[in-house]
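Hi,

Here is the structure I promised to pass on.

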Amino acid sequence: GIEMLERLESEFLDVEYANFAWDLSQYGKNYAEGAIFARKSKALGQNRSSIEDSTQLGVNSTLANCLIQLGQKQEGIVLLEENLVATLVSYSLLSG
């Protein structure tokens with residue numbers, strides 16, 4: 001499916017990469033390939049932070065999980081911290 005979307009140059013390829021990464025990591029426990037597709041999704045999102053683009057929250061969570069499972073804990077923790085800050089910023093904007 002992903003290869004077909006790549007050939008068609010789908011405008012939603014970043015979302016499809018993110019979904020595929022999640023499926024690979026959650027259902028297949030294929031963390032290495034999940035990390036590859038999560039990074040592809042982030043690259044198509046121009047590596048925006050989750051503070052700049054809330055759609056990155058899910059991608060960051062998936063990538064963080066993959067990295068932590070692969071033993072790259074520090075890199076994964078940085079992504080989770082970014083998500084926490086983005087969530088706090090969003091909450092403070094909504095409540096204030």
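The cover over the buried residues of α2 includes α1, α3 and α4. (Helices are DSSP runs of H or I with at least four residues, strands are E runs of at least two, and both are numbered from the N terminus; contact means heavy atoms within 4.5 Å; buried is under 20% relative accessible area, exposed is over 50%, and partly exposed is in between, with a 1.4 Å probe and protein chains only.) Bear in mind that this is a predicted model, where local features need pLDDT of at least 70 and side-chain atom pairs count only at pLDDT 80 or more, while totals for chains, interfaces and linings use all residues. Residues are numbered from 1 along each chain as its sequence is written, and side-chain values use heavy atoms, with hydrogens and water left out.

Back to α2: its buried residues are L13, Y17, A18, A21, L24 and S25. They line one face of the helix, because they fall within an arc of 140° seen down its axis (the arc is that of the directions from the helix axis to the C-beta atoms).

Y17 turns up again in the largest nonpolar core, which has 17 residues; Y17, F37, A38, L63 and L79 have the most contacts inside it. A nonpolar core here is a set of buried Ala, Val, Leu, Ile, Met, Phe, Trp, Tyr and Cys residues joined through side-chain atoms within 4.5 Å. Two or more core residues come from each of α1 (2-7), α2 (13-26), α3 (31-44) and α4 (56-69). Leaving out residues up to four places away in sequence, L79 touches K42, N60, L63, A64 and L67.

Over in helix α4 you'll find Q56, which counts as buried at 2% relative accessibility. Beyond its neighbours within four places in sequence, Q56 is in contact with K42, G45, R48, S49, S50 and N83.

Now the charges. I get two salt bridges, taking one as a side-chain nitrogen of Lys or Arg within 4 Å of a carboxyl oxygen of Asp or Glu. In one of them, the side chains of E75 and R39 meet at 2.5 Å, N to O. That pair links distant parts of the chain, with E75 in helix α5 (residues 73-95) and R39 in helix α3, 36 residues apart. E75 is partly exposed at 38%, and R39 is partly exposed at 38% too. D53 pairs with R48, their closest N and O atoms being 2.8 Å apart. Here D53 is buried at 13% relative accessibility, whereas R48 is partly exposed at 29%.

Cheers
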